[in-house]
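Take a moment to turn the model around before reading on.

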Amino acid sequence: MAQVIDRETVRRLIEQGAQIVDVLPAEEYGEDHLPGAINLPLRKIETEASRALDHTRPIVVYCADSA
Amino acid sequence: MYDYQAGIQDWLGAGLPTEGINAQHPRLADVARRDVPTCSLDERLGDVRDRVAVAGWDTCVVVSPELVVLGLLRAKELNADSDLLVEQAMRPGPSTYRPSVSVMEMRRIMADRDLDSSPVTTSDGRLVGLVRRQDIA
């Protein structure tokens, strides 16, 4: 179960080298994403996550908002 | 695994930098004047007017202790009776805009609504700065 975190914690984790994952569709990712974020759209996350992510480092996932 | 549940809208609303196509166009976060004078509801208007003038401004944003925008004092309000409290003189509840709004869109908004300036705030109403028409013309 993922731990819900706030903006300041995200900033701290980015500084510490966490992997930032944007799960929005590629077009939205292209318009705006957090610095250093990679794009793993939700529909691809199950097949691509093991290839794309280093599970020894913290992973932060985000979407558009909490809606 | 961490979930940044508030998402990129929260990040943009705080005026934090992003990457991508939109990041190449200036936003209010880039042009808002963060040195705009601020004051609290219970201050004496005359004292605020003097302080604002010394700082070289003609506008003051009224904020709570948590920096939530409560009102605005423009020239007309600042020139009211000196012994009034800020709360009595201010223009309450001004329209505010998010740091993520593009400068291009803000130019259009300011022209349509004949605004000289507007506070820029985070999604929870905290002051980021003041955008002035003269700075984005």
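Does B:Asp114 count as buried or exposed? Keep in mind as you look that this is a predicted model. B:Asp114 has 7 C-beta neighbours inside 10 Å, so it counts as exposed. Its place is the loop that leads from helix H6 (103-113) to strand S6 (117-121) of chain B. The backbone is worth a look here too, for the phi of B:Asp114 is positive, about 55°, although this residue is not a glycine.

B:Leu67 is not a glycine either, and it has a positive phi of about 70°. You will find B:Leu67 in the loop between S3 and S4 of chain B. Because B:Leu67 has 16 C-beta neighbours inside 10 Å, it counts as partly exposed.

Now step back to chain B as a whole. Its secondary structure comes to seven helices and seven strands. Starting at the N terminus, the order of these elements is β-α-α-β-α-β-β-α-α-β-α-β-β-α. The C-alpha trace of chain B spans about 55 × 35 × 25 Å along its principal axes. Chain B has 137 residues, of which 35% count as buried. If you take the contacts in chain B between residues at least 6 apart in sequence, 58% of them join residues at least 24 apart.

Setting aside its neighbours within four places in sequence, B:Val61 is in contact with B:Val36, B:Thr38, B:Val69, B:Leu72, B:Pro119, B:Leu127 and B:Leu130.

Helix H3 of chain B shows how one element sits against others. Its buried residues are B:Leu45, B:Val48, B:Arg49 and B:Val52. Looking down the axis of H3(B), you see these buried residues fall within an arc of 100°, so they line one face of the helix. B:Asp47 and B:Val54, on the other side of H3(B), are exposed. The cover over the buried residues of H3(B) includes strand S2 (38-39), S3, S4, helix H4 (75-78) and H5 of chain B. After H3(B) comes B:Gly56, whose phi is positive, near 85°.

Next, let us turn to the sheet that brings the chains together. As a reminder, strands of a sheet pair through backbone hydrogen bonds, in either a parallel or an antiparallel sense. Here five strands form an open sheet with parallel pairing, in the order S1(A)-S1(B)-S4(A)-S2(A)-S3(A). Its edge strands are strand S1 (3-4) and strand S3 (38-39) of chain A, each of which pairs on one side only.

You can follow the pairing strand by strand. S1(A) and S1(B) pair in the parallel sense over two bridges, and the bridge partner of A:Gln3 in S1(B) is B:Tyr2. Three bridges then link S4(A) in the parallel sense to strand S1 (residues 2-4) of chain B, where A:Val60 stands opposite B:Tyr2. Within chain A, strand S2 (residues 19-22) runs parallel to strand S4 (residues 59-62), joined by four bridges. In this pair, A:Asp22 stands opposite A:Tyr62 in S4(A).

Finally, consider how the chains touch. In total, 23 residues of chain A are in contact with 20 residues of chain B. On the side of chain A that touches chain B, S1, helix H1 (7-15), helix H2 (26-31) and S4 each supply at least two residues. S4(A) gives the most to this side, with four residues. By class, this side of chain A has 14 nonpolar, four polar and five charged residues.

Methods: Residues numbered from 1 in each chain as written. Chains lettered and ligands numbered in written order. Predicted model: local features only at pLDDT ≥ 70, side-chain atom pairs only at ≥ 80, totals over all residues. Contact = placed C-beta atoms within 7 Å. Buried ≥ 20, exposed ≤ 12 C-beta atoms within 10 Å, placed from the backbone. Arc of directions from axis to C-beta. Pairing = 2+ DSSP bridges. Nonpolar A, V, L, I, M, F, W, Y, C, P; charged D, E, K, R; others polar.
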